[in-house]
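The points are grouped by topic.

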Amino acid sequence: MTVHPSLQPSIDAWTHTIEAISELVSSLVDGEWNRPTECPGWSVRDVVSHVIGGECEALGDPRPIHTLPRDLYHVTDETTRYLEVQVDVRRHHTGPEMTSELEYTIIRRARHLRNERRKPEDTISHPLYGQLPLQAFLDTRVFDIWTHEQDIRRALRRPGGLDSPAAHVARDVLLGRLPKVIAEEAGAPKKSAVVFDVGGPIEFLRTVRVDENGNGTVDSSPSLGPIVTFTMDWETFARLAAGRAKARRIGDKVKIEGDWALAERILASFTPAH
């Protein structure tokens with residue numbers, strides 16, 4: 001157990017979800033490694049490479065020195081370029097090479113987390129996330145890995161893990177992003193409210209409120225007159241909010257009441273979370 005018990009739930013969630021990935025891919029054949037996922041341009045192998053790379057960087061390993069091909073259509077900006085290096089450098093690795101590196105990385109990172117001496121509130125620096133507290137960084141890693149666990153499960157048609165400890169962390173991370181999406185990116189009107197009514201393995205009702213200054217907050221109390229209400233199941237919410245599926249593809253799983261134009265702007269503002 002880590003020195004700071006308040007970090008332990010996040011560490012346990014990390015352990016559960018990354019070991020689930022390891023178990024999922026442990027017996028894959030070549031064709032299954034190459035199955036496409038909902039991450040643009042990424043196969044199952046690429047998603048696992050991304051998970052390995054993210055944990056290696058969390059360990060402080062140096063980044064690979066690698067030149068990307070110029071024909072990767074899904075590499076569109078500096079963020080995707082940064083993420084692609086850890087993926088492309090492993091693109092021709094065999095299944096056994098992938099599973100052995102994943103298992104070794106899990107062992108190293110688990111030891112690192114057990115020996116964590118920093119406090120939850122200590123600030124760390126990350127090339128993509130910027131400056132953030134250690135607790136927030138750990139939760140972001142849990143969210144990232146759980147989201148990719150689900151990417152792999154959908155690609156392999158092996159559902160599961162929707163109510164795991166990591167799923168609850170992912171819920172909180174996604175809910176924390178809603179105020180910015182709705183108030184800033186989708187431009188919801190001042191003094192309005194947007195409700196998400198989500199059922200399934202993880203159930204919740206959350207209201208995103210936009211105040212008179214255009215700032216958004218989220219809480220669990222209902223709104224008497226929301227401008228938009230979304231009703232859907234947990235997996236659909238997770239896919240949409242993580243940018244895994246466009247509303248037009250899974251629209252039959254989403255019920256929308258209220259301002260359709262705003263609802264469409266909100267749904268269009270959910271971008272892929274790598």
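E149 forms a salt bridge (a side-chain nitrogen of Lys or Arg within 4 Å of a carboxyl oxygen of Asp or Glu) with R153, the closest N and O atoms being 2.8 Å apart. The model is predicted: local features need pLDDT of at least 70, side-chain atom pairs count only at pLDDT 80 or more, and totals for chains, interfaces and linings use all residues. Residues are numbered from 1 along each chain as its sequence is written, and side-chain values use heavy atoms, with hydrogens and water left out.

**The E149 pair**
- E149 and R153 are 4 residues apart in helix 6 (residues 134–156), which places them about one helical turn from each other; helices (H or I, at least four residues) and strands (E, at least two) are DSSP runs, numbered from the N terminus.
- E149 is buried at 2% relative accessibility, and R153 is buried at 14%; buried means under 20% relative accessible area, exposed over 50%, and partly exposed in between (1.4 Å probe, protein chains only).

**Other salt bridges**
- The count of salt bridges comes to 19.
- E38 and R239 meet at 2.4 Å, N to O; E38 lies in the loop between helix 2 (30–33) and helix 3 (44–58) and R239 in helix 8 (residues 234–241), so this pair ties together parts 201 residues apart in sequence.
- D219 pairs with R209 at 2.7 Å, N to O, linking strand 5 (residues 216–219) to strand 4 (residues 204–210).

**Helix 7**
- Just after helix 7, G187 takes a positive phi of about 65 degrees.
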